[in-house]
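Look over the sequence and the structure, then read on.

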Amino acid sequence: MKKQISLVLCLCLLLTAFAGCSNNSNDTNKETTQNNNTADTETSSTADTTPEETEPSKYEANIPAGTKYDGSTFTVVTYPNDGGIWGDVDWSATEYTGETLNDAVYARTSQVEDLLGVDIVTVYSTGASDQSLLANSVKSQDNAYQLYTLNVGSTFSSAQNGNVQELNNFSAKGTLDLTAPWWDQNILKDMSVENMNFALTGDIGTMYKKSIGAMMFNKVILNQNQLESPYELMNSGKWTIDKMVEMGKTVSNDLDGDGEMTQADQYGLICFCDMMPLAMIGCDIQFFSKDADDVPQNTFYSEKSVSVLEKIGTLMYDTNLTYSWSKNGVGEDPAFKMFQTDKSLFYYGELHAVATMREMESEFGIMPMPKYDENQDGYHHCVNPNVCATYVIPSTNVEYEKTGYIMDALGAASKNELTPAYFNTTLQGKVSRDEESQQSLEVIVDTIRYDIGYLGGLGFSSFLYTMADSGNTDLASAYAKQEKAINKQTERMISKFADLKATLEAAG
């Protein structure tokens, strides 16, 4: 078991955490507030008039006092610890190093170990889609792993293969509280099939947040051109595709005067081809919706989806306005460098890009994906299906009570430690650390739409990426070529989940 956390270190971590770490909860049973003792005073009048100081709110899992598991092991399989963009950062901390996120991970894990008397062990897979350890463990029935990290796309096949627990059933048999504020309720609502859930995420990890598609803007270019504040546009509901086009055209400039737009010039936007499907989701296109029985239905193609793609095309396809590094066949590093050297007002990318950008000389901000128009009710975002880290419980794990308590304890401790550290780390450097920046990031994280059609590997992404890089606006023709294959894969998926539902019901 890891060394017990000292009181001093705990207080330091709490005092440096964001005060907003416990927003969005109305569940007073899971949240406690402790008051600091006010200093003794010489007169009663001073004591009566001095307001009592309080520490930040603290989340706690609903676990009976004295619950202990006598040093038993709880093994978590996670992404490789290779130091890369998608290397693990949520489980690999083994000591305090002074690095914000590392120390939050270590504190979180150590707190849960001490609370429940468990030893949390980390095992590394070979990659985000590596299901081999899971499949082999289930086949041998060795219960080697209690919690397993997979990219969201791979959870579909693992569920259909019977290798993971159905979470509602697991919760009903034990103690896992799926309604707790540390679990992302959007993934439970969006990715259920026939009211079955297999994948979970939330405050317990930061890796899924890194994969959310969002916008960044260069404050130097913005101020030089006396443009509207993107934050004010966001708050007023006027942050739209049309507004991005308008602002981007204002700054686009052939800087070297050679008559061609190249990496040496200034653009309104730098993007990658996967902006197309994520921008469509941002414009409230639902690739799949669900019927009254919670069965996914293909609702992608419509008059609105045609209109949305055409509108996005006015932004992405204009080579005088936008530089697409996928279309130009260059890597992400040159695209990063262009934004870092004030060559674009906007940059589309996943939130992991913020870590690269925050050392640039110019200040920048983080923004939601733009809306279709001002009438759209709210912003929408999506994750990268290939790297978004979600958690599944191996089907061999039948320790319903113990696993539920440990997972909820990890979730609560992560909401206290890990989530504030992620916001802190993401917003430091050249990102302005004011309320607007934090609010924008919270909007992005809170409005993820886990669209099964896009995330389920059913064929949407490939043809939309191709359309984006070729500048094609004929959605009707492009979709017609893929529709039969998409519907066939969808029918197969629904049939497998129906069989799984029958098996679960038969087993009781």
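K402 counts as buried because its relative accessibility is 10% (buried means under 20% relative accessible area, exposed over 50%, partly exposed in between, with a 1.4 Å probe and protein chains only). The side chain of K402 meets that of E399 in a salt bridge, at 3.8 Å from N to O (a salt bridge is a side-chain nitrogen of Lys or Arg within 4 Å of a carboxyl oxygen of Asp or Glu). E399 is partly exposed, at 29% relative accessibility.

This is a predicted model: local features need pLDDT of at least 70, side-chain atom pairs count only at pLDDT 80 or more, and totals for chains, interfaces and linings use all residues. Residues are numbered from 1 along each chain as its sequence is written, and side-chain values use heavy atoms, leaving out hydrogens and water.

**Salt bridges**

- Side chains of opposite charge can pair when their charged atoms come close.
- The structure holds eight salt bridges.
- One of them joins K415 and D203, at 3.2 Å from N to O.
- This pair links distant parts of the chain, 212 residues apart: K415 is in helix α16 (residues 400-427), and D203 is in the loop between α7 and α8 (helices are DSSP runs of H or I with at least four residues, strands are runs of E with at least two, and both are numbered from the N terminus).
- Both K415 and D203 are buried.
- E228 and K243 form another salt bridge, with their closest N and O atoms 2.7 Å apart.
- E228, K243 and E246 are linked in a network of salt bridges.
- E228 is partly exposed at 39% relative accessibility, while K243 is buried at 14%.

**Cysteines**

- The whole structure has zero disulfides (a disulfide is a pair of cysteine sulfur atoms within 2.5 Å).
- C271 is in no disulfide; its nearest cysteine sulfur, in C273, is 8.5 Å away.
- C271 is buried at 0% relative accessibility, and C388 is buried at 0%.

**Positive phi angles**

- E194 is a residue other than glycine with a positive phi, near 50°.
- E194 sits in the loop between α7 (185-190) and α8 (207-210), and is buried at 19% relative accessibility.
- D294, also not a glycine, has a positive phi near 65°.
- D294 lies in the loop between β8 (288-290) and β9 (296-298), and is buried with a relative accessible area of 11%.
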